[in-house]
Amino acid sequence: SFDSDLLNPTANLPKYIDTKSRNLNLGIYMADMAYAAFFSKRTKVLNYLEVIGKLSNYLLISSQIKEDLVSDFTENIDNFDSIYHFTNVYYYDIMNELEQNNNQNAMTLIISGAYIECIFIAMNLADDYKENSPLIQKVAEQKFAFENLVQSCELHKSNRNLAATLVYLKEIQEIYNRVKMVEGTKREMIRTSDGKIR
């Protein structure tokens, strides 16, 4: 179910005046917008889109991406599938452009903010712990991806913003370290000599 109390209020935007808080909260607001879009909360999606646009002005990304993002979301606001699609497309477009501009620090902060917010929302929606809860299973499946994020952050911990963020990521990692993952059956897709996939 949708719980707006779990979202970071857009009214908090003026509080983010330094690079670390702007980049972390850009990731948080992206996650919040995706959550609102999933539940077709049109007004909230537009509010978060506006805040994301303002925060992205501080990043080294092309104005074309920003214009396209606002335009695509506004034109397709009533189509959940399109909003879901554009959320993924622009998230990766922004990340790719930051990577090409050698701005891994900003990229890592944004991803950290998005991960922290997604885990926060998911765990608050899960209520009491149940081992077979699909939501808890989904969060547990993020363990290895989260470890990769922590390792990426450690590579750049000479940056004070990433060093400060790493403290919180390590706290989450400590919880993940108590999660036991059991591997299921592995399936492998191969292309046969006649070109078919098996």
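Predicted model: local features only at pLDDT ≥ 70, side-chain atom pairs only at ≥ 80, totals over all residues.
Which residues does Asn23 touch, not counting residues up to four places away in sequence? Residues are numbered from 1 along each chain as its sequence is written, and side-chain values use heavy atoms, with hydrogens and water left out.

Asn23 touches Leu59, Ala106, Leu109 and Ile110 under that sequence exclusion, contact being defined as heavy atoms within 4.5 Å. Asn23 belongs to helix H1 (residues 19-38); helices (H or I, at least four residues) are DSSP runs numbered from the N terminus. The relative accessible area of Asn23 is 7%, so the residue is classed as buried. In this scheme, buried means under 20% relative accessible area, exposed over 50%, and partly exposed in between, for a 1.4 Å probe and protein chains only.

Helix H4 (residues 80-100) and H5 have axes that come within 8 Å and cross at roughly 150°. Axes are lines fitted to C-alpha atoms, for helices over the stretch in contact, and angles run from 0 to 180 degrees between N-to-C directions. H4 and H5 are therefore roughly antiparallel to each other, a term applied to angles over 145 degrees. H4 passes H5 in a left-handed crossing, that is, one in which the near helix is turned anticlockwise from the far one by less than a right angle. On the H4 side the contact involves Tyr91, Met95, Leu98 and Glu99, which meet Gln104, Ala106, Met107, Ile110, Ile111 and Ala114 in H5. These contact residues of H4 and H5 divide into eight nonpolar, one polar and one charged. For this division, Ala, Val, Leu, Ile, Met, Phe, Trp, Tyr, Cys and Pro count as nonpolar, Asp, Glu, Lys and Arg as charged, and the others, Gly among them, as polar.

H4 itself has 21 residues and reaches 30 Å from its first C-alpha to its last, close to the 30 Å expected at 1.5 Å a residue; the expected span is 1.5 Å times one less than the number of residues. Its buried residues are Ser82, Ile83, Phe86, Thr87, Tyr90, Tyr91, Ile94, Met95, Glu97 and Leu98. The buried residues of H4 pack against H1, helix H3 (63-75) and H5. Just after H4, Asn102 takes a positive phi of about 55°.

A second contact of H5 (residues 104-125) is with helix H7 (residues 143-155), at an angle of about 145° and with the axes 11 Å apart. H5 passes H7 in a left-handed crossing. Thr108, Ile111, Ser112, Tyr115 and Ile119 in H5 meet Ala145, Phe146, Leu149, Ser152 and Cys153 in H7. The residues of this contact comprise seven nonpolar, three polar and no charged. Ile111 of H5 takes part in the contact with H7 and also in the contact with H4. Leu155, likewise found in H7, is exposed, with a relative accessible area of 69%. The C-alpha atoms of Leu155 and Glu141 are separated by 23 Å, the two residues being 14 residues apart along the chain.

Helix H2 (residues 42-56) and H3 have axes that come within 11 Å and cross at roughly 180°. That angle makes H2 roughly antiparallel to H3. Val45, Leu46, Leu49 and Ser56 of H2 form the contact with Lys66, Leu69, Val70, Phe73 and Thr74 of H3. By residue class, the contact of H2 with H3 divides into six nonpolar, two polar and one charged. In the loop between H1 and H2 lies Ser40, which has a positive phi of about 55° although it is not a glycine. Ser40 is exposed, with a relative accessible area of 55%.

Further residues were examined individually. Val139, in helix H6 (residues 134-141), is buried at a relative accessible area of 12%. Not counting residues up to four places away in sequence, Val139 touches Ala122, Met123 and Tyr176. Val139 and Val45 are 94 residues apart in sequence and 23 Å apart in space, C-alpha to C-alpha. Ala164 is found in helix H8 (residues 160-176) and, at 27% relative accessibility, counts as partly exposed.

Notes
Helix = DSSP H or I, 4+ residues; strand = E, 2+ residues; numbered from the N terminus. Parallel < 35°, antiparallel > 145°, perpendicular 65-115°, else oblique.
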